[in-house]
Amino acid sequence: MKLCPRVIPLDKIISFKLNLKNPNNIKNIESINIFSKNDYFHNEKIKFEVKKQDIVFEYKMETYGEYILKLNFNYKESKTINMFAVEKDILALSALKGDLHMHTTYSDGKRTPIAMVLESLEFGMDFISITDHDNYTGSQEAIKKKNENKIDITILPGEEVSIGKGDTNLSKGNGHMLSINANCSIDKLRDDEEIYKCELEEIVNKIKGKIPKDIEPYHYARNLWTIKKIQENNGLAILCHPHWIYYDDKYHLHQPIYKELLKNSKVDAVEVFGDIDQIEECNNLSYLNYYQYKQKHIAAIGNSDAHDIKVGIGDRFSIVFSKTKNEAHITEAIKQLLSVAILKRSKDEYQAIGDEKLVSYTLFLLKEFYPTHDKFKSKEARLIVDGLINKEDFSHKIDIVKSKLLRFKKNFFYKG
């Protein structure tokens with residue numbers, strides 16, 4: 001059965017339309033009840049009318065969260081369908097699925113930028129970033145190819161900056177930082193070594209005596225310099241895989257540096273789910289949750305860190321609640337903590353990290369909205385691939401798929 005809408009605003013009387021797969025069953029409905037998942041004592045019988053082959057009714061949700069509509073039939077069976085009530089400011093935002101960490105042949109990835117773009121679309125991504133190691137070119141090529149082929153996905157320019165690049169002694173213990181949507185390559189800003197060293201020296205002079213003794217000032221200064229340059233160039237600084245086990249069974253990132261960056265909220269976000277061991281990810285979360293609780297302004301992000309197709313994409317990602325699919329709006333939404341990091345544990349099981357209310361809403365969407373959303377996105381990706389392989393124009397078919405997805409969204413989310 002189909003219910004329209006499925007996501008509705010709180011404290012507003014909404015008109016609903018319910019369509020049964022078999023209209024003949026309408027005459028067998030004995031009663032319809034609505035109950036809240038959050039409010040144990042809420043269970044209300046509602047009045048309804050039958051118009052043509054639709055059941056119509058009005059209702060006002062007064063509690064945030066998931067509701068269940070239950071149809072009771074006179075032959076002692078019942079059917080249910082779920083809804084979700086949110087604040088109107090959240091409902092006004094678009095729920096976007098994305099992955100901000102993946103690699104191509106421009107660094108240590110095995111596929112071209114366009115291959116990673118199409119693979120991401122196949123798994124239902126609304127936005128991505130190509131983040132090759134110390135290389136901005138892969139993301140630029142991805143954007144160019146996406147525009148040429150009119151692919152319906154937002155691509156944010158990016159790169160994965162190695163904090164200790166060029167120095168073997170510094171590469172260990174300094175970790176990596178994702179630069180997302182910056183207007184230039186952060187790595188290229190280090191090309192003038194004299195200026196780079198001078199700027200590091202200025203940072204070291206400012207932090208001496210103000211950081212823990214187990215942090216080497218120049219190591220920490222390189223992290224601060226990278227974050228500063230990303231943010232000065234309108235980018236998003238995301239600390240990635242902070243618990244990656246590197247050589248000698250040690251963390252790639254010196255852990256006191258990680259804790260100090262969190263303590264002082266220097267980064268915009270932390271990759272809490274990435275391509276590392278899940279036990280280590282849980283340890284990562286314990287640190288992040290503590291500092292979020294204390295200071296409340298570090299976003300949680302999930303990324304695949306994919307280096308190939310069919311490996312990782314779709315298993316770790318983020319849901320971001322943004323005004324539009326515009327790159328600036330997506331990065332601003334993350335800065336405003338309107339992101340939820342997702343780890344897919346099995347076909348229908350997810351672990352989510354983020355704001356409590358956004359997490360419950362996201363888990364509802366993953367169960368009720370995204371399976372259909374992802375089917376349409378996957379169909380679009382396959383049509384594009386078929387067109388590229390066969391050198392045919394499938395734009396008409398692609399437009400049909402896009403219009404169906406748009407119609408589905410309009411019916412799913414209330415728009416008053």
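Modeller: A term comes before the numbers: buried means under 20% relative accessible area, exposed over 50%, and partly exposed in between, using a 1.4 Å probe and protein chains only. Buried residues make up 54% of the 416 residues in the protein chain. This is a predicted model, where local features need pLDDT of at least 70 and side-chain atom pairs count only at pLDDT 80 or more, while totals for chains, interfaces and linings use all residues. Residues are numbered from 1 along each chain as its sequence is written, and side-chain values use heavy atoms, with hydrogens and water left out.

Biologist: How many helices and strands does the protein chain have?
Modeller: There are 12 helices and 20 strands. Both are DSSP runs numbered from the N terminus: helices are H or I with at least four residues, strands are E with at least two.

Biologist: What box do the C-alpha atoms fill?
Modeller: Roughly 80 × 55 × 35 Å, along the principal axes.

Biologist: On to sheets. What is the strand order in the one with β13?
Modeller: The order is β13-β14-β15-β16-β17, an open sheet of five strands with mixed pairing. Two strands pair if DSSP finds at least two bridges between them. The edge strands are β13 (158–162) and β17 (299–302), and each pairs on one side only. From one strand to the next, the twist averages 35°.

Biologist: Is β14 enclosed or open to the outside?
Modeller: β14 is largely enclosed by the rest of the structure, because five of its five residues are buried. H176, L178 and I180 point one way, while M177 and S179 point the other way.

Biologist: How do β15 and β16 pair?
Modeller: In the parallel sense, over two bridges. There, L239 stands opposite V270 in β16.

Biologist: What about S162, buried or exposed?
Modeller: S162 is buried, with a relative accessible area of 13%. S162 lies in strand β13. Leaving aside neighbours within four places in sequence, S162 is in contact (heavy atoms within 4.5 Å) with D134, G175, H176 and R190.

Biologist: New topic: helices. At what angle do α11 and α12 pack?
Modeller: About 170°, with their axes 9 Å apart. That makes α11 roughly antiparallel to α12. Axes are lines fitted to C-alpha atoms, for helices over the stretch in contact, and angles run from 0 to 180 degrees between N-to-C directions. Angles under 35 degrees count as roughly parallel, over 145 as roughly antiparallel, 65 to 115 as roughly perpendicular and the rest as oblique.

Biologist: Which residues of α11 and α12 make the contact?
Modeller: Among them are F376, L383 and I384 of α11, and I398, V401 and F408 of α12.
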